[in-house]
Structures are given as C-alpha cells and as structure tokens.
Amino acid sequence: HRGDLVEVVAPVQAVDYRAELLKLKARGVKHIIFLGNDAMGRAMAQARALGITAQFYSIASVMSPGFQSLAGTALEGTVVSNWYAPRNAHYQDFSEKFLNKHHKPVQLEFVAGPSADAAKLVADTLKVVLVRDKVLTAKGIRRELPLHEAFEGVSGTIKMDSDGAVRTILETLFRYESGKLSPIRKL
C-alpha cells in the first residue's frame with residue numbers, strides 16, 4: 001500500500017532535483033534512499049524544502065563536508081549504512097601519519113582505511129609475484145591476491161575470498177545526529 005513505498009534517488013549530478021522529488025511527494029513515499037556523492041545533499045535539502053517528511057536513508061558519503069554543506073539540517077535523522085575502522089594500532093599509526101602529512105584528521109575513514117590497506121596489500125602482492133615469477137603479469141597477481149590468509153591493517157583483519165571479494169569489513173546502521181553518526185540499537 002502507499003505508506004510502504006520506498007524510492008531511490010540515484011547518484012546524478014544535478015542542480016535541481018525538485019521535479020523528481022515532487023513526483024515522490026505526489027506518490028506519498030514514506031522512505032527515500034539517497035545514494036551517491038555530494039550532490040545528493042542538495043536533493044535532501046530540496047526534499048525537505050518541498051515538505052517531504054519521508055525517512056531518509058543513505059550511505060557513508062553523508063560524512064563528506066560537501067554533502068553536509070549541501071544537505072544542511074535536512075540530513076538530521078538520516079539512517080546511514082556505515083563502517084568504522086577498529087581503533088587498533090594500525091589505525092592509530094595511520095591516523096597520526098595522516099595528520100602529520102595533511103595537517104587535518106582523517107575525515108572519511110570508510111574510504112581512507114580500506115584504500116590504505118588495499119594499496120599495501122597490492123604492493124606486498126606485487127613484490128611476491130615479482131620475486132617468484134621475475135615478471136609482473138595480471139595472471140600472477142590474480143593468482144597471488146586471494147592466497148593471503150589474512151592481512152592486519154587499518155581496517156582490521158582483511159581476508160580476500162577466492163572470488164576476489166573482501167567480506168570482513170561489515171557495515172552497520174547509524175543515525176546522523178548533530179554532525180555525527182550514532183549507532184542505532186533498534187530501528
């Protein structure tokens with residue numbers, strides 16, 4: 001029935017989302033999922049300005065300063081799927097080095113941590129393949145990557161399955177409140 005309608009606003013670079021949002025409002029949607037980059041912050045703000053009271057859902061990109069600036073207060077109460085790095089020694093070391101190099105703290109750790117780990121894992125893999133095969137080939141790299149039992153990094157324990165997927169980074173739900181993500185105990 002109409003009260004259960006859910007719509008997804010996809011990542012599109014636009015200046016104005018009102019035409020699409022008015023269609024959602026007319027349909028009586030109660031839940032809207034905003035997926036994408038900073039421009040979705042503008043879509044959220046326009047939705048609230050149009051009087052849309054639906055529950056908003058999004059992904060960790062809401063923590064981008066650009067997204068937050070465009071969304072403003074429309075972001076309050078949004079349910080966000082996100083992941084935080086465990087506060088292990090690797091994370092502490094990474095954070096300190098990042099701060100020293102960039103003179104600001106890590107803002108988007110859901111990107112920074114896994115990216116740093118991926119770069120380290122690939123570099124380590126390239127070294128192994130080069131020593132073993134004396135030449136770097138895509139086949140050699142693909143063969144070696146899943147062989148890592150576990151990699152301890154900024155993101156915690158990283159394990160790549162034989163199909164090439166990493167399933168050890170698990171997201172959870174948060175609610176955006178006053179510029180921070182608070183873990184949700186119950187929806």
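A charge sits over a ring if NZ of Lys or CZ of Arg is within 6 Å of the ring centre and within 35 degrees of the ring normal. Arg87 meets this rule over the face of Tyr91, at 4.3 Å from the ring centre. This is a predicted model, where local features need pLDDT of at least 70 and side-chain atom pairs count only at pLDDT 80 or more, while totals for chains, interfaces and linings use all residues. Residues are numbered from 1 along each chain as its sequence is written, and side-chain values use heavy atoms, without hydrogens and water.

**Ring pairs**
- Rings of Phe, Tyr and Trp (its six-membered ring) pair if their centres lie within 6.5 Å, with planes under 30 degrees apart counted as stacked, over 60 as edge-to-face and the rest as tilted.
- That rule gives two aromatic pairs here.

**Phe34 and Phe56**
- With ring centres 4.8 Å apart and planes at 75°, Phe34 and Phe56 form an edge-to-face pair.
- Phe34 belongs to strand β2 (residues 31-34) and Phe56 to strand β3 (residues 55-59), so their pair ties together parts 22 residues apart in sequence; strands are DSSP runs of E, at least two residues, numbered from the N terminus.

**Phe94 and Phe98**
- The rings of Phe94 and Phe98 have centres 6.1 Å apart and planes at 45°, so this pair is tilted.
- Both residues lie in helix α4 (residues 89-102), four residues apart, about one turn of the helix; helices are DSSP runs of H or I, at least four residues.
- Phe94 is buried, with a relative accessible area of 18%.

Conventions
Buried < 20%, exposed > 50% of the residue type's maximum accessible area, 1.4 Å probe, protein only.
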